[in-house]
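Visitor: I have a new structure open and I'd like a quick tour. Can we start with some basic terms?

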Amino acid sequence: MTSLLINAFKRLNLSITPQIRVLSTANSAVISNVDPSSALTVTKKDWKFPPVYTKPREVWIENLDSIEEQKLGLFELHPSVYAATPRIDIIHRNVIWQRKYRWVSWAHTKTRAEVRGGGRKPWPQKGLGRARHGSIRSPLWRGGGIAHGPRSGKTHFFMLPFHLRVQGLTSTLSAKLAQDDLHVVKDLEIPSEEPQYLADLIENRNWGPSVLIVDDSDFAPRNITVAADGLAHVNIMPVYGLNVYSMLKHDTLVLTQSAAEKIEEKLLHHMNSVTKQQQSKFRIDQV
């Protein structure tokens, strides 16, 4: 069977270049071709929690130092984080949670004690044949107070269970990758701080009208910070601020290579550890 396959490849004039796996100290491995003319590398990682039933997903590492797209190599993503089955119901629950925990209702109605007038009894209790009333500002009266109405400063804050927040992130990342809306770049270094350079780069690569850039640190390079500040539809966010609502609000998600690794590491840790403390009743100091 092996000889038949080799003969078939020879008939197709396909040259098979052997590959060598070189281990590095960064807990990852780089597969490079023996042919020195080929610059393509595949970054493979030795995960603490390796995938069992599914294969890793490979994505291209792109550049930002030129408007034209260049493929710098292949990068492996863990399937449990970036190739999970998207749960639309959990994504929806995360969106509702994020929209409600920052919503404060300022609707306000006055009670009978706060409306103007009604300091005396409108007519005697007995003798006139009329219904008994003690104030014209009773909720029964037109212009009176409101019973059980909304009072301002009402918060709708609640905490979504911890495992649903983790699964919401994995579902959204997986949906972005499946729709080709997730891109991995080497770093955020761009040669110019002009917003037009970043706008041309986004248009040239068909990244969509709105882009969310995520880095592993909250100290982004000056050029991309100034350029993104001049574009209302481009935002930069650190890894610790990544959330479902922001990812859905932007058409394209751009991760640096270090950010993709950190997201992977944190989510795999939470998915494979005991989270009873995080899933307990909400406390102010809860992570």
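Predicted model: local features only at pLDDT ≥ 70, side-chain atom pairs only at ≥ 80, totals over all residues.

Visitor: Okay. Which strand does strand 9 join through four bridges?

Guide: That is strand 11, residues 252-256. The two run parallel. Within this pairing, valine 214 has leucine 255 as its bridge partner.

Visitor: And how does strand 9 pair with strand 10?

Guide: In the parallel sense, over five bridges. Strand 10 covers residues 234-238. There, methionine 237 is the bridge partner of valine 214.

Visitor: What do strand 9, helix 6 and strand 10 make together?

Guide: A right-handed β-α-β unit, with helix 6 at residues 222-229. Right-handed means this: with the strands pointing away from the viewer, the path from the first strand over the helix to the second runs clockwise.

Visitor: Is strand 9 buried or exposed?

Guide: Buried means under 20% relative accessible area, exposed over 50%, and partly exposed in between (1.4 Å probe, protein chains only). Five of the five residues of strand 9, 211-215, are buried, so the rest of the structure largely encloses this strand. Both of its faces are covered. Val211, Ile213 and Asp215 are buried on one side, and Leu212 and Val214 on the other.

Visitor: New topic. Which residues have the most contacts inside the largest nonpolar core?

Guide: Tyr82, Leu173 and Leu253, in a core of 30 residues. A nonpolar core is a set of buried Ala, Val, Leu, Ile, Met, Phe, Trp, Tyr and Cys residues joined through side-chain atoms within 4.5 Å. There is also a second, separate core of 18 residues, including Leu188, Trp207, Ala228 and Val254.

Visitor: What does leucine 173 touch?

Guide: Contact means heavy atoms within 4.5 Å. Leaving aside neighbours within four places in sequence, leucine 173 is in contact with Val81, Tyr82, Leu182, Met247, Leu253, Ile263 and Leu267.

Visitor: And where is serine 174?

Guide: In helix 4, residues 162-178. Serine 174 counts as buried because its relative accessibility is 3%. The side chain of serine 174 reaches the backbone oxygen of threonine 170 at 2.7 Å. Beyond four places in sequence, serine 174 is in contact with Val81, Tyr82, Ala83 and Ala84.

Visitor: What about histidine 148, buried or exposed?

Guide: Exposed, because its relative accessibility is 83%. Histidine 148 is found in the loop between strand 6 (104-105) and strand 7 (154-155). Its phi is near 60°, a positive value in a residue other than glycine.

Visitor: Last one. Where is confidence lowest in the protein chain?

Guide: In strand 1, residues 19-23, at a mean pLDDT of 37. Over residues 14-27 the pLDDT is below 50, and this stretch has 27 contacts in the model beyond near neighbours in sequence. For scale, pLDDT is the predictor's confidence in each residue, from 0 to 100. Confidence is highest in helix 7, residues 244-249, at 97. The chain's mean is 86, and 83% of its residues reach 70 or more.

How values were computed. Residues numbered from 1 in each chain as written. Heavy atoms only, no water. Pairing = 2+ DSSP bridges. Polar contact = N/O pair within 3.5 Å; in protein donor to acceptor, adjacent residues only side chain to side chain.
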